[in-house]
There are 2 protein chains.
Amino acid sequence: MFRIFLSKIRPPIPMRSLTYLFLLVLPLGLLGCGGSSASDDGAPASYVPPGEKDDYYLFYSGGHSGQVFVAGLPSLREIQEIPVFTPSPGHGYGFSKKSKKMMGEYRWGDVHHPGLSKTDGTYDGRWLFVNDNANNRVARISLRDFKTKQILGPIPNSMGNHGSSFVTPNTEYLLVATRFSVPLPKGTHAPVETYEENFNGIVSGVDIDPETGEMEVGWQVKTPPFNWDLGSTGKGPSDGWAFWTSYNTEMAHDSLEINASQRDRDYAAFVNWERAEEVVENNEGLNRRNGVPLIDPAEHEGVMYFVPVSKSPHGIDASPSGRWIAASGKLQPTTTVFDFKQFKTAIENEDFQGEFRGVPVVNYDAVVEGEVPVGQGPLHTQFDGEGNAYTSLFIESSVTKWKLPPWDKETTEDMSKAVTDKISVHYNIGHLVIPGSDTKEPYGNWLVAMNKLQKGRGLNVGPEKPETSQLIDISGEEMEMIEEDYTRPEPHFAQAVPADVINPIEVYKKENNDHPDARWDPENTGVERTGPDEVTVHMIAKRSQYYPDKVEVQQGDKVTFHLTNIEQVSDMIHGFGIAQYNMNGVVPPGDTQTFTITADEAGVYPFYCTNFCSALHQEMQGYLEVKPR
Amino acid sequence: MFRIFLSKIRPPIPMRSLTYLFLLVLPLGLLGCGGSSASDDGAPASYVPPGEKDDYYLFYSGGHSGQVFVAGLPSLREIQEIPVFTPSPGHGYGFSKKSKKMMGEYRWGDVHHPGLSKTDGTYDGRWLFVNDNANNRVARISLRDFKTKQILGPIPNSMGNHGSSFVTPNTEYLLVATRFSVPLPKGTHAPVETYEENFNGIVSGVDIDPETGEMEVGWQVKTPPFNWDLGSTGKGPSDGWAFWTSYNTEMAHDSLEINASQRDRDYAAFVNWERAEEVVENNEGLNRRNGVPLIDPAEHEGVMYFVPVSKSPHGIDASPSGRWIAASGKLQPTTTVFDFKQFKTAIENEDFQGEFRGVPVVNYDAVVEGEVPVGQGPLHTQFDGEGNAYTSLFIESSVTKWKLPPWDKETTEDMSKAVTDKISVHYNIGHLVIPGSDTKEPYGNWLVAMNKLQKGRGLNVGPEKPETSQLIDISGEEMEMIEEDYTRPEPHFAQAVPADVINPIEVYKKENNDHPDARWDPENTGVERTGPDEVTVHMIAKRSQYYPDKVEVQQGDKVTFHLTNIEQVSDMIHGFGIAQYNMNGVVPPGDTQTFTITADEAGVYPFYCTNFCSALHQEMQGYLEVKPR
């Protein structure tokens, strides 16, 4: 592909002028002068000029930062951080009573795989779900206000909630699987040397309330102590099913680097979640463990099947039609395409090559449509809705574009003919995302490569380098590299959706505020002693004053502030920092939040608005007087 | 100014091709066809293609996020977050023993004004200093590894460390002033109704060790309870001096929005820090308060002078020559230029218009060079080193470019002639930055406008909007708007420096590792009982294994992990997450860090590498076995 990069030396005339001039020049028939125009024909740019908006939201998982990062496409600019598992004083998250309670005892999470809610197999713009691999939780973010609304967990019996969060076509469930295995119930001790015997993995069906989005663990399926990796949910013919790959079917418990890479094939799990639901509904002799119905797939036929996959696989992705299931083994240079139709036939015919702990192992040859030689180190596959698949190659640091079945005879005889393009990314690519790839109708157009090691590619910021993303235009026959940007550690996957699918609110409307201690009139605010060591403050924030702006308490008092931001104007956020009291609230317009401190230090402590609000923002302050005991 | 924006509809051909084609077209003499080329002549672009690097580092203060954000110029892409006052599990910050100790009892900060270290009045690329307005601290970041090395504070006698951190020309001091006043020493209670009588402000000289950068409070100057706002340090003729504006010379203690906007003029403080140093060195009858020598400027002549400034000023900035001091009053449409030479003459001649609490108030007319009618709501001024100043206009949402003195007769007779250009930014601009503006030789070229309210300008992310920055090309006669990007809350100021001034390391070299519990050979690692309830683990992380990968302890043990990442390869970071133990370490190559947990929950808890490291990263794990008591 013919590629031209702008020189590092700044051009004498900015690009938008060039564009303008070029548009003037176009009619003059000069197009033929550059060989570049043909190959670049139809390729879009990533530049979104000041005042213009991006076309897509991109929701990155934030990895061990514990958060979600929201970027715009095509610019790749980060437009928001959504705090989920980690306190974030810039948003007052982890300082308000509500957010503290939601976070429980943990102050971080390891966010791996965001999943957008769906209706009829397409994104409905309601919620974003994310997992915490470390502390075995899932969270729900509302896309009405981009706020975390619920954190569920630690999920019982579940350790290493990595194969998560995969959303079914009508958001019936989040399906989540364990990366680690432990003796169950959690808290049981057994030596790791007894791993095969005493340790187990779990697949959980997290039930989603269709109205409120409220999550609860519906049921669990016990698995051997394989390390479940990534998964996806079925659709169309495979609706009702979900798929995970596993590494470590060796069931090694130490030096996994060596001991979990022994077998030539590992297993994927094909789980029939509709059947699991049925087992639970019919109460088919189930045990409950920690309050959750626990299904042993050996005892309940039809819940789980194993399918052999390439060595040490990472991703398994269902195509938009739901018929083709693509799994990649990172230590084998092919992506295997399973035909779900053949899989159904195989289980009907009991075409099994064996069983493992009572779970049938489907005959590999009966279900494989083909092995596409995508290149070295294939990990994950995304789909553009035009019959093409795109697989990330970790070892080659590339993305391979290939055609989904049905294949012509020439291709089936020489599977390399299925590969139609390949593009280099800087090493090493992990995940990649195409808008809507996991829906029945992907939006296509763009592919974002999430690269794992940058090693001096950007400005040097010392021994800890940022992560990088690259934007690839996939709207033409050939992929084209357009833009590169950086993120904090560490995106593992992302979801992208056209802007018009999401419809966020601008302010919290006064009439919807149901906080019992909300106040809207300065006359109803005040400081009240509500116990021998307890003071309650009803406070209002508005440009550019707090009511009241003096709060007098006794040393040792527990002081509860109910702060209402009575603004109804977009972006008119007020902060609430108390000097030397380790407190920073952030209250968006129309919201009421509750903050509590213990006034253990006597003296005078200013409180002030920490979030810029107006020309007189600096004057928005008050005093907490703590009288000595 | 003639401005053209690219249509939102993506152009059929990407801009870099257009640029290429345009360069082909140039010789054909078609340049005259577009009226835009003249006005845009010489203007650069912000696009940094994949694989290219930015030209400048931009260090944003992170406001109430508590961190520093590092971006590249001209792309505006964020390239790193430096955690300072807030835990950041993505960097393991706030989880290691060292970082926890450094943060003390606080889990957030309010970072306002970063200051780069200087040698001979120019940036030397060694350190970045930042302040915490909320908890009255300053921090030092090393630009060798982009890590926070020291947090000093809470500073004694100091409340609301906002007028901070201003670095003297050879990094002798950080000069910091209080925004809030309280009864001293801190911890004393007095009713705010006695504000004028009992409350005081403070200017502190934070002494910097020239070799190590270690900070300590050297001396303090007591001030009336004015709210000190922003400041700057002198250079050249004004070397040895520092300047702050104040709002609230009314000394109001409530409803500041109204009560602190009564007077037509407030005061700037001109502080002679060399004289303060001399007072302390000569021990001129000083009191010490909380261990710090406290100077009463009424008793020590020559330490502090007041200069009347425009109503409710915000910024005061010394020009590159050090002669012109520009102060802006946000409620008056002019920027006042003081002549430091005239100021020196005035104090020599005792040309005072009065005194306030024993501090001389210099005769305004004697020191003012001129009032430049920059426009509505002027806040801060930056300099390009070419004799031009750029002032942010909060109310007009613009930047005004104006000429520094000396002015010709025509200009002094009509000061509006000093104004040479004005550009709109989207509302509302607060700070702005030009690379090197506070040095004696600014680098110029770019100006970044930090805007405060975006109100629906970007993709809607709900009631909490991100902050925006805009990149303005100032290399030509007329300013030109180039690019826009977003940040988390909330940059208040920034510093920018050419990339080659900073020389960060790639890895921590083994030979420099002085951690007493570092280990480099798996044979020297292990788990040791070091007390009845204490276990010490010496552990190594390398691709893709921990040594040891099994740690057995008793329930209730305090377990200390000394983890050495023995890699010496760039970007080869290893994480250390312990499932359900609220622990995530991040150890860059060659570093050793110490983590402590109390093993209060029995059971088996996997630990694993949370920061992607290799193809077998997923296999990098081990088990913490906690045997029940």
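Helices (H or I, at least four residues) and strands (E, at least two) are DSSP runs, numbered from the N terminus. The views show a predicted model, in which local features need pLDDT of at least 70 and side-chain atom pairs count only at pLDDT 80 or more, while totals for chains, interfaces and linings use all residues. Residues are numbered from 1 along each chain as its sequence is written, chains are lettered from A and ligands numbered from 1 in the order in which they are written, and side-chain values use heavy atoms, with hydrogens and water left out.

**View 1. The end of helix α6 of chain A.** Just after α6(A), A:Asn283 takes a positive phi of about 50°.

**View 2. The start and the buried side of α6(A).** A side-chain oxygen of A:Asn272 reaches to within 3.2 Å of the backbone nitrogen of A:Glu274 at the start of the helix. Within α6 (residues 273-281), A:Trp273, A:Arg275, A:Ala276 and A:Val279 are buried (under 20% relative accessible area, 1.4 Å probe, protein chains only). These residues lie on the same side of α6(A) because they cover an arc of only 155° around the axis, taken from the directions from the helix axis to the C-beta atoms. Strands of chain A against which they pack include β12 (215-223) and β15 (265-272).

**View 3. The interface of chain A and chain B.** The contact (heavy atoms within 4.5 Å) takes 178 residues from chain A and 179 residues from chain B. One salt bridge (a side-chain nitrogen of Lys or Arg within 4 Å of a carboxyl oxygen of Asp or Glu) joins the side chains of A:Arg488 and B:Glu78, at 4.0 Å from N to O.

Notes:
Buried < 20%, exposed > 50% of the residue type's maximum accessible area, 1.4 Å probe, protein only. Polar contact = N/O pair within 3.5 Å; in protein donor to acceptor, adjacent residues only side chain to side chain.
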